[in-house]
Amino acid sequence: MPEAVHVGTGKIRDLFALDDDRLLLVASDRISVFDVVLPTEIPDKGRVLTGLSAFWFARTREQCPNHLIGLHEDGRSTECRRLEMLPLECVVRGYLSGSGWSAYQESGAVCGVSLPDGLVESDRLAEPIFTPTTKATSGHDEPLTREQAAELIGEERLSEVEQASIELYRFAAEYAAARGILIADTKFEFGVDDGGQLVLADEIFTPDSSRFWPADDYEAGRGQASFDKQFVRDYAASLGWDKTYPGPDLPEEVVVGTRARYVEAFERLTEISFDDYLSDPETVLR
């Protein structure tokens, strides 16, 4: 777009200013694991992220207002409201996995939230828990206790963010489970508009921001098959890589397998053919 001015590049998205009130977010096909962008891209990944985010934004407006203004024909670009972003990642966990499982094994708690004894990997938690992290511009996000998060954004705003995050997770987890996908955990980013209103931003319930498990294969006590980037994490970890830049190249079978998992997540959750989305991206908004 001629009027777009590049203002930043994140791990996955490129950000452009359209005017004082609007931004253009363009989701690339880059993939990051362990907070490192890998040299190999996943074809159509950015379109999956954009389409799924738009799908969820359109269906969660009643839970929380969001930044989406419009979806472009390329299927990977969205016009969004400008916001003052909050300096933390808002993670909700419904199952014990990933860094949460590692933290529990060490201390019996996740981000200061104590959990019952005797849980095993991938156990479903009695209630979803809110476990915020820092939002690192470089390096790794770090877990925050509730007290640390309150120091960043204030207790009142933190309570608002926690409530919104839990409500969003509950809504999507129920919706996804009816379509054969368990959302083990997810993360949100929020901003504040000129009127001080909390606004959901960035992406929501995508294979990049969530762990998606096939419900018919779920079994507590082990790692799970997934429709997200865990497939890439597992490959990268198998190499003995030290999780610092530069990351490893991905072989063709991992690229193809990852794309297939992302597309399957898209199609199961939206109940829309990915080819139909590519021909008419606004199908996800209807």
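Trp101 and Tyr104 both belong to helix α2 (residues 98–107), where they are three residues apart, about one turn of the helix. Helices here are DSSP runs of H or I with at least four residues, strands are runs of E with at least two, and both are numbered from the N terminus. The model is predicted, so local features need pLDDT of at least 70 and side-chain atom pairs count only at pLDDT 80 or more, whereas totals for chains, interfaces and linings use all residues. Residues are numbered from 1 along each chain as its sequence is written, and side-chain values use heavy atoms, with hydrogens and water left out.

**Aromatic pairs and cluster**

- Rings of Phe, Tyr and Trp (its six-membered ring) are paired if their centres lie within 6.5 Å; planes under 30 degrees apart count as stacked, over 60 as edge-to-face and the rest as tilted.
- By this rule the count comes to 15 aromatic pairs.
- One of them is the stacked pair of Trp101 and Tyr104, with 6.1 Å centre to centre and 25° between the planes.
- Both Trp101 and Tyr104 are buried, a term for under 20% relative accessible area, with exposed meaning over 50% and partly exposed in between (1.4 Å probe, protein chains only).
- Phe188 and Phe190 form a tilted pair, at 6.1 Å centre to centre and with 50° between the planes.
- Phe188 counts as buried because its relative accessibility is 0%, and Phe190 likewise counts as buried at 0%.
- Phe188 and Phe190 are members of one aromatic cluster that also holds Phe55, Trp56, Phe171, Tyr175 and Phe205.

**Charges over rings**

- A charge sits over a ring if NZ of Lys or CZ of Arg is within 6 Å of the ring centre and within 35 degrees of the ring normal.
- Arg179 lies over the face of Tyr175, at 3.6 Å from the ring centre; Tyr175 is one of the residues in the aromatic cluster.
- The ring of Phe231 has the charged end of Arg261 over it, 3.7 Å from the ring centre.

- Ser32 lies in strand β4 (residues 32–33) and is buried, with a relative accessible area of 6%.
- Leaving aside residues up to four places away in sequence, Ser32 touches Lys11, Ile12, Val37, Leu38 and Lys229, where contact means heavy atoms within 4.5 Å.
- Asp35 is found in the loop between β4 and β5 (36–37), and its phi is near 65°, a positive value in a residue other than glycine.
- With a relative accessible area of 27%, Asp35 is partly exposed.
- Asp44 is found in the loop between β5 and α1 (45–59); its phi is near 70°, again a positive value in a residue other than glycine.
- Asp44 is buried, with a relative accessible area of 16%.

- Strand β6 (residues 68–71) pairs with strand β7 (residues 77–81) in the antiparallel sense over three bridges; two strands pair if DSSP finds at least two bridges between them.
- Leu71 stands opposite Thr78 in β7.
- Five residues separate β6 and β7 in this hairpin, and Gly75 in the turn has a positive phi of about 75°.

**A cis peptide bond**

- The peptide bond from Tyr245 to Pro246 is cis, with omega near -5°.
- Pro246 lies in the loop between α5 (230–238) and α6 (252–270).
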